[in-house]
Amino acid sequence: MKKLLIAVTTFAIAAPMLVAAPAMAENAQQTKMATCNKEATGKKGDERKAFMKDCLSSKPAAAAPMSQQDKMKMCNANAKDKKGDDRKAFMKECLKKDK
């Protein structure tokens with residue numbers, strides 16, 4: 001019973017992290033579409049199509065650096081199978097990196 005409770009609790013904590021990434025990516029694409037649409041104001045026909053194609057296919061601007069809280073969550077999730085000094089060393093190295 002105790003193992004079941006631990007498994008359910010772990011899943012409840014990890015599930016939102018697994019779902020959040022696709023939702024954020026979808027939102028970023030929607031934002032990009034809105035931005036390109038605003039920039040295409042006044043263009044018509046083939047000129048607009050060419051502009052939109054180029055705008056939507058360009059790489060997004062560099063993402064904002066990860067907050068310390070987000071970094072801690074990610075490192076904690078990646079260190080779940082480590083214990084003791086091994087975990088400490090992993091967390092220290094993970095939190096030091098710019099992600």
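Me: What makes the link between Cys75 and Cys94 a disulfide?

Reply: In this predicted model, the sulfur atoms of Cys75 and Cys94 lie 1.9 Å apart. A disulfide is a pair of cysteine sulfur atoms within 2.5 Å, so Cys75 and Cys94 form one. As a predicted model, it requires pLDDT of at least 70 for local features and 80 or more for side-chain atom pairs, while totals for chains, interfaces and linings use all residues. Residues are numbered from 1 along each chain as its sequence is written, and side-chain values use heavy atoms, without hydrogens and water.

Me: Which parts does the pair of Cys75 and Cys94 tie together?

Reply: Cys75 belongs to helix 3 (residues 68-78) and Cys94 to helix 4 (residues 84-96), so the bond connects parts 19 residues apart in sequence. Helices here are DSSP runs of H or I with at least four residues, numbered from the N terminus.

Me: Why is Cys75 called buried, and why Cys94?

Reply: Buried means under 20% relative accessible area (1.4 Å probe, protein chains only). Cys75 has 0% relative accessibility and therefore counts as buried; Cys94, at 4%, also counts as buried.

Me: How many disulfides does the structure hold?

Reply: The structure holds 2 disulfides. One of them joins Cys36 to Cys55, with an S to S distance of 1.9 Å. Cys36 is in helix 1 (residues 2-39) and Cys55 in helix 2 (residues 45-57), so this pair ties together parts that are 19 residues apart in sequence.

Me: Is the link of Cys36 and Cys55 left-handed or right-handed?

Reply: The link is left-handed, with -80 degrees about the S-S bond of Cys36 and Cys55.

Technical notes:
Helices (H or I, at least four residues) and strands (E, at least two) are DSSP runs, numbered from the N terminus. Buried means under 20% relative accessible area, exposed over 50%, partly exposed in between (1.4 Å probe, protein chains only).
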